[in-house]
Amino acid sequence: RFSKIGTLPPIEVFALNKAYLDDPHLDKVNLGIGAYRTDDGKPWVLPVVRKIEQLMANDEGLNHEYLPMLGLDSFCLAATKMVLRHDNPLVLSGLAFGVQCLSGTGALRVAAEFLCRQLGYTSVYSSEPSWENHHLIFKMSGFPNTRTYRYWDKVNRCLDFDGMLEDLNNAPENSVIILHGCAHNPTGVDPTEEQWKKIADVIKKKSLFPLFDVAYQGFASGDPDKDAWAVRYFASAGFELLVAQSFAKNFGLYNERAGNLVFVVNSQECIAPIKSQVSIIIRAMYSNPPNHGARIVASILNNADLTEEWKQCLKTMADRVRDMRILLRNKLESLGTPGNWQHITSQIGMFSYTGLSPSQVEKLILKYHIYLLKSGRINMCGLNSRNIDYVAKAISEVVLD
Ligand code: LMR
């Protein structure tokens, strides 16, 4: 029986992380998995998160009882307000509501199962390139057609906007279109506000279904409102849509799996049926979500002073990433590295799509012990004042090679 089972290739980002951890080289650098690091190269528990955890540890009123299938209400509402604005009429009327899920991945999975089972959708489009898990999630949820729309202009290292619009125009009606709300993973390139408006026009005209993946709200610019512009624009334009929210990066809660799936619907009558169907999907998958991360997020977002403290943390992270972008570009340029490195500072969010080729990536890993995805994506947070010279010099050398 089991001897028939074949082995699949490993998931690149986790295999790369393990290779980095196992590497005994003293100068090794991890630019792979998307996780924030301080300038000392350490993971960062946000001080405001630590504060809540200490309060929770001493709170005799807390226990380990099950949460409801749809999660912690105070978290779902606060998270929904965070992405759509606290005073959004859709939120106030209940037409926008959240369901707690297992981080962004879990929210996407519940969304995919729901869209496939309840609406009978069969085609999904994600950007080319995209976070590689998008394909897998939809395939495993029963979508027979997982397709891509053009996004990255390799030659000019920017958004291929015309290609994107053309592909969306040609997508069959009721296709699900995955859009990155901000800080596109892996390219770090987002549409402008004017471009978003044109994207919305095509999606409306062709009766496509928008699904936003919002994994970096606040982390990209340091301002959660600015990073939510595209989602809020679509919601205000009258779309029915879904938003998969992750709190891994912006609250530093990677392994707590705090996520929220926002439904924006057009009528009150469909709210109860949707909630009942989603409950069944969740019941069959994991029954109910974990408490810890969601309670931390709810405690912060439901308190104005703590929210301000959290925003300062966001700024600390976003500023450090911005400083590393400027430093890396300057160093590559002053080393006379051939090519144009302007995209390093124009891209936003955690990642930079460097344009390095697979063979250059391989050299960086094997010769310099600098770990990055074979697409050339680097996690800017892996750079710090101690390793930036080493990394810039290594990139320069492989480009010149
Ligand atoms: C990444 O893109 O590196 C992160 O979002 C981690 C993951 O799950 O892929």
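This is a predicted model: local features need pLDDT of at least 70, side-chain atom pairs count only at pLDDT 80 or more; totals for chains, interfaces and linings use all residues.
Residues are numbered from 1 along each chain as its sequence is written.

**Figure 1. Overall view of the protein, with 16 helices and 13 strands.** Helices (H or I, at least four residues) and strands (E, at least two) are DSSP runs, numbered from the N terminus. Along the principal axes, the C-alpha atoms fill a box of roughly 65 × 55 × 55 Å. The radius of gyration of the protein is 21 Å, in agreement with the value near 21 Å for a compact globule of 401 residues; the radius is taken over C-alpha atoms, and the globule rule is 2.2 Å times the number of residues to the power 0.38. Of the 401 residues, 47% count as buried, that is, with 20 or more other C-beta atoms, placed from the backbone, within 10 Å of their own. Among contacts with a separation of 6 or more, 75% are between residues 24 or more positions apart; a contact requires C-beta atoms, placed from the backbone, within 7 Å.

**Figure 2. Strand β10 (residues 258-264) and its paired strands.** Strand β10 is largely enclosed by the rest of the structure, because seven of its seven residues are buried. In a regular strand the side chains alternate between the two faces of the sheet. In β10, one side carries Ala258, Asn260, Val262 and Val264, the other Gly259, Leu261 and Phe263, and all are buried. Strand β2 (residues 96-102) runs antiparallel to β10 and is joined to it by seven bridges; pairing requires at least two DSSP bridges between two strands. Val99 has Leu261 in β10 as its bridge partner. Strand β9 (residues 241-246) is also antiparallel to β10, with six bridges, and Leu241 stands opposite Val264.

Figure 3. Val391 is buried because 25 other C-beta atoms lie within 10 Å. Leaving aside residues up to four places away in sequence, Val391 touches Val29, Ile370 and Leu383. Tyr368 is 23 residues from Val391 in sequence, and their C-alpha atoms are 8.4 Å apart.

**Figure 4. Residues around the ligand.** The shell consists of Val13, Ile33, Gly34, Trp131, Asn133 and Asn185, each with its C-beta atom, placed from the backbone, within 6 Å of the ligand. By class, three are nonpolar, three are polar and none is charged. Ala, Val, Leu, Ile, Met, Phe, Trp, Tyr, Cys and Pro count as nonpolar, Asp, Glu, Lys and Arg as charged, and the others, Gly among them, as polar.

Conventions: A residue is buried if 20 or more other C-beta atoms lie within 10 Å of its own, exposed if 12 or fewer, and partly exposed in between; C-beta atoms are placed from the backbone. Two residues are in contact if their C-beta atoms, placed from the backbone, lie within 7 Å.
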